[in-house]
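Open the structure in your viewer and keep the selection panel at hand.

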Amino acid sequence: AGYMFSALIKPDAYLGFYANLYVLFLKTGFKTNNQSRSAELIYAMPLPNFGFVGSFKLTKWLMFYGSVGFFSLNAKDYGGTINSYNISLGFKPLSWLAINLSYKEFNISIYNNIEKEIDAIVEYNFRGPAIGMTLKF
């Protein structure tokens, strides 16, 4: 879920700021061979993400898009970061259709101190090219 605030809306350019809310459901744990230690971690964590998005027209049918987002939270026993980047070229043959070729990066890193001696760290990363289609209606 999210909200977009548009700061500049023109036929050839756009600039906006956004606030998104990601809800991360996490279940993980460990056990040792001699059963002297074990732990199970179950969380539903709401993590916001703030950023900006912009676009401008390169030619009649070619658009450039970009976005950057970030959030970080650190408390005594847990914390984490979310960051995302996107650079995209959009071919727009019709006013309601765009085909995008982009490079995206999305990172989540979360840590939790389960016990005084055990730290749980979860990291997820997507980085690479993507192809997409946008329809306006």
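Start with the largest pocket, which holds about 640 Å³ of space. Select Ser55, Met63, Tyr65, Lys92 and Lys136 next: of the 36 lining residues, these are the closest to the pocket's centre. Keep in mind that the model is predicted.

Now colour by strand. Strand 1 (2-10), strand 2 (13-31), strand 3 (38-57) and strand 4 (62-74) are among the elements that give two or more residues to this lining.

Switch to colouring by residue class. What is the make-up of the lining of the largest pocket? It divides into 17 nonpolar, 12 polar and seven charged residues.

Next, leave the pocket for the cavity. How many cavities of 30 Å³ or more does the structure hold? There is one. The largest cavity has a volume of about 30 Å³.

Select its lining: Met45, Leu47, Leu73, Tyr78, Gly79, Gly80 and Ile110. Which strand supplies the largest share of this lining? Strand 5 does, with three residues. Strand 3 also supplies at least two residues, as strand 5 does.

Keep the class colours on for the last stop. The lining of the largest cavity has five nonpolar and two polar residues.

How values were computed. Residues are numbered from 1 along each chain as its sequence is written. This is a predicted model: local features need pLDDT of at least 70, side-chain atom pairs count only at pLDDT 80 or more; totals for chains, interfaces and linings use all residues. Side-chain values use heavy atoms; hydrogens and water are left out. On a 1 Å grid over the protein atoms alone, a cavity is a set of points where a 1.4 Å probe fits but cannot get out, and a pocket is an open set with protein on both sides within 12 Å along at least five of seven lines; lining residues have an atom within 4 Å of a point. Grid points are joined across faces, edges and corners, and a volume is the space filled by probe spheres set on the points. Helices (H or I, at least four residues) and strands (E, at least two) are DSSP runs, numbered from the N terminus. Ala, Val, Leu, Ile, Met, Phe, Trp, Tyr, Cys and Pro count as nonpolar, Asp, Glu, Lys and Arg as charged, and the others, Gly among them, as polar.
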